[in-house]
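Some terms in a structural description rest on cut-offs. The questions below ask how such terms are applied here.

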Amino acid sequence: MLKRHIGWWLALPATLLVVLFLVLPVAGTIGSTFGEGAGPFAPYVNFFSSGFRRRVLWRTLEISLATTAISLLLGFLTAYVVSRAPRNLKSILIIAAVFPLLTGVVVRSFAWLIILGKNGILNNLLLAIGVTDEPFAMLYTQGSVIVAMVYLFTPLMILTLVGVLENIPDDLIQASASLGASPGSTFRQVVFPLAVPGLIVGAVLVFTGSFTSYATPQLLGGEKQMVMGTLMYQQAMVNFDWISASTIATIMVVITIAIVLLMTRVAKRLNPMAT
Amino acid sequence: MTQPLSVRNVTAHYGTTKVLEDLSLDVAEGELVSLLGASGCGKTTTLRLIAGFLEPTSGTITLGGRDLTRLPAYKRDIGLVFQNYALFPHLTVLENVAFGLKQRGIAGPEREKRARAMLERVGLAPLADRLPGALSGGQKQRVALARALVIEPPLLMFDEPLSNLDAKLRIDMRVEIRQLQRANRTTAVYVTHDQEEAFSISDRVAIMNAGRIMQFDTPETLYQRPANSFVARFVGFENLIPMKVVARDGANVTAETAGGARLAMSGERFGEIPDGFIFASRADGLRVVPGTGEGIPATTGLRTYLGRAYQYQCDTAAGPIVANGALSEPLEPGSTATLVPVPDQCCVLKAE
Amino acid sequence: MATRIPLPLILLTVAVYIFLVGPLIIILGAAVSDTTYLTFPPQGFTLHWFQRIFEIGAFRRTIVTSLQLACLATALALVIGIPAAYALNRYRIQLPTWLSTVFVLPILVPEIVLGFSLLKSVAVGASLPIFPTLLIGHTLLVLPYAVRVISASLASFDFSIEEAAISLGSPPSRTFFTIVLPNVRSGVIAAFILAFITSINDVSTSLFLTGPGISTLPIQILAHVEQFFDPVIASVSVLLMLLTVAVMAIVERTLGLTFLTK
């Protein structure tokens with residue numbers, strides 16, 4: 001009995017933990033939003049009828065998309081250079097990307113408070129070189145949140161993509177050169193298409209991470225730039241409106257899972273190495 | 001279209017290690033030359049230098065009089081077939097073959113026409129729209145070949161192209177490669193560690209060791225007249241016996257082994273024989289004859305059955321020797337025998 | 001092969017790295033500034049702000065809580081995650097395919113949703129005290145590292161080695177510790193480190209599970225920043241960065257850093 005099901009027994013504790021404390025509670029959160037109030041979808045009707053909340057959802061999408069696009073571009077180009085760098089330099093560059101990644105979200109967001117604040121480094125610098133007479137209000141804008149988020153996610157993108165680029169065999173690049181393709185053509189016709197699945201994976205990581213973030217928008221956006229994460233916290237812990245918080249949670253879960261499923265499918269279809 | 005290749009006094013380093021030393025190699029128009037040697041002998045390095053993926057420390061490489069030495073790889077116009085095929089996994093078979101034509105600015109319809117024609121020649125026309133991942137090893141190899149041939153390069157190079165295929169396919173493919181190369185009369189350089197493959201496919205073979213060419217000749221000459229003991233061992237001369245000339249009669253000599261066994265050697269067969277030399281033979285080149293007589297006295301040891309003969313591990317005063325004996329007279333271990341040279345199967349090498 | 005990289009790309013890379021490392025240097029500078037407000041470049045030099053961390057009770061308590069949580073959650077995740085990873089690889093045919101999906105869920109479900117759901121169902125619903133609830137949350141958070149990273153190691157492990165050991169008379173349970181585990185050592189270390197770092201830096205899961213009585217360091221930092229804008233925050237941040245440096249030194253020693261790009 002035990003012997004035949006040994007695999008099950010070994011996997012049981014971890015499976016139980018996930019089912020009991022993740023699946024059931026999250027299902028409970030999602031379930032609590034249905035059949036609440038008038039009509040089965042009342043909390044959602046409520047959410048989408050509020051101009052403010054629509055604005056929050058929209059802003060969160062904007063910030064996440066901008067963060068994804070910028071860190072994708074910076075990350076890919078940087079990763080390309082890193083992957084082609086001589087070995088010693090490469091390990092230094094990788095360490096320099098890993099270090100911020102392992103430093104906490106709060107610490108890294110906090111750094112931008114010092115930089116972008118009214119008496120911050122950037123304003124002092126601009127005042128000193130005479131670009132402006134008045135400090136700019138850079139904090140608590142959509143821009144400040146995006147800058148900090150890009151800062152947060154670019155290292156992740158670089159590391160993901162260095163891995164992807166290093167998996168492209170050198171032989172393919174040499175084959176391309178031997179057939180007469182210049183380095184530019186090789187990049188466009190061989191390296192980039194082969195990196196697309198990796199780019200999609202990186203983009204999904206960054207998008208879902210930004211979409212559900214809390215600390216960075218809280219520190220750099222505050223109440224002025226409320227996003228889904230901060231709104232959810234406010235609903236749950238300030239207004240004690242748990243149905244509203246659960247509704248926001250459900251929207252986050254649905255969007256996250258939909259994007260992950262959709263994009264991993266797209267990435268799989270575009271991945272020629274898999275077939 | 002075909003052009004002669006000339007590699008002149010090339011030295012190359014990986015970091016500080018010297019991997020090629022003063023290497024020169026000439027490949028005539030339309031000739032197929034193999035670089036043969038164990039891994040680390042510098043054959044692949046030579047190929048990469050010619051292809052432009054490595055820069056030589058000194059020396060020059062010219063193709064049809066055009067100096068390639070400092071030219072980037074993508075401007076060299078050399079068709080390259082890789083060991084693991086290096087097909088672009090995101091492009092179809094047709095697109096793979098058309099890739100080089102596209103880089104040469106050949107318009108779409110013409111490009112497709114030429115690529116399809118080339119696929120026809122290698123027998124893969126029906127698979128034109130597949131992705132490489134869906135092909136077998138042999139099919140991939142054909143695509144790689146078509147891709148390199150379609151650009152009609154003045155020089156074609158192969159880097160161990162058959163090492164990932166099974167034995168039967170390997171033989172079919174090497175015939176096919178030879179036929180295509182012959183038909184186009186393309187100059188070709190072929191890198192392999194497989195002696196049979198190199199000898200069967202090449203006009204000439206360069207046997208390499210430690211970054212140098214040990215001998216560069218036709219397969220027949222290499223097989224029968226190795227120039228030195230390295231090549232002799234490489235082509236299967238098991239017995240390398242140091243000898244000293246003790247008497248001369250015109251061109252003919254009598255020579256003696258370390259243990260005092262004497263052999264008469266004909267100048268007609270072996271040419272001019274120096275005072276000290278190495279007598280080289282395969283197991284076939286020494287016949288095991290029971291009893292004592294003219295030749296090298298030996299005691300037979302382990303006997304193995306080869307089908308056409310018995311092979312004996314023999315003990316002699318000159319050291320252990322491998323030799324073959326007739327099937328009609330199997331000898332038990334410990335028998336007294338004489339090893340008689342078969343002059344056609346032996347050769348004389350300079351002592352080192 | 002050295003492909004030449006165009007100059008604009010190199011300049012961009014330099015700029016990106018200044019962007020990545022600059023803010024951390026600014027924190028370092030601000031932490032040693034002899035001023036009562038956050039500023040960079042530092043004015044004067046003092047280590048006073050590091051001392052100040054430990055004078056504030058909330059920081060002392062949360063540092064202890066965070067370390068306890070990270071150690072316990074990582075240990076727990078490894079203890080249940082290693083057998084699960086082993087089962088998923090060794091008994092693949094026995095187990096249904098959805099089982100491996102279970103261990104992706106903690107990554108798929110947003111952390112903030114996990115935290116909120118635990119608050120609702122476990123802390124309030126089942127009235128479990130805060131610390132155990134936090135521990136459950138953190139264990140769930142880091143479990144995917146244990147399962148997936150070690151699975152990746154096991155995937156390249158040749159199980160016939162294990163069978164060889166058993167055929168030579170080593171009982172299966174002992175074989176696991178003497179043969180299997182040593183061969184996936186690097187995976188276990190990697191999982192340990194990633195899990196520890198993730199736990200110690202977590203905000204989103206802990207957010208709902210802390211209160212005046214009990215809190216974690218990142219949450220405390222967040223609360224402190226909103227009230228005071230003094231160099232203590234910078235010095236706490238430096239402390240966390242030092243922890244990261246220590247961890248990276250361990251990685252470098254034991255695994256080399258390239259494993260991080262895999």
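**Terms and the values behind them**

Q: How many salt bridges are there between chain C and chain A?
A: The model is predicted, and between chain C and chain A the count is zero.

Q: How many residue pairs are in polar contact between chain C and chain A?
A: Seven residue pairs, both residues at pLDDT 80 or more, are in polar contact. On chain C, helix α1 (residues 7-31) gives the most to the side that touches chain A, with 13 residues.

Q: What makes up the side of chain C that touches chain A, by class?
A: That side has 61 nonpolar, eleven polar and two charged residues. Chain C and chain A bury about 7,100 Å² between them, 84% of it on carbon and sulfur atoms.

Q: What span is expected of helix α4 (residues 87-102) of chain A at 1.5 Å a residue?
A: The expected span is 22 Å, and the helix, with 16 residues, reaches 22 Å from its first C-alpha to its last, close to that value.

Q: Why are residues of α4(A) such as A:Leu93 and A:Phe99 called buried?
A: Buried means under 20% relative accessible area, and A:Leu93 and A:Phe99 are among the residues of α4(A) that are buried. What covers the buried residues of α4(A) includes α3 (51-84) of chain A and α1 of chain C.

How values were computed: Residues numbered from 1 in each chain as written. Chains lettered and ligands numbered in written order. Predicted model: local features only at pLDDT ≥ 70, side-chain atom pairs only at ≥ 80, totals over all residues. Heavy atoms only, no water. Buried area = accessible area lost by both parts, 1.4 Å probe. Salt bridge = Lys/Arg side-chain N within 4 Å of Asp/Glu carboxyl O. Polar contact = N/O pair within 3.5 Å; in protein donor to acceptor, adjacent residues only side chain to side chain. Helix = DSSP H or I, 4+ residues; strand = E, 2+ residues; numbered from the N terminus. Nonpolar A, V, L, I, M, F, W, Y, C, P; charged D, E, K, R; others polar. Expected span 1.5 Å × (residues − 1). Buried < 20%, exposed > 50% of the residue type's maximum accessible area, 1.4 Å probe, protein only. Contact = heavy atoms within 4.5 Å.
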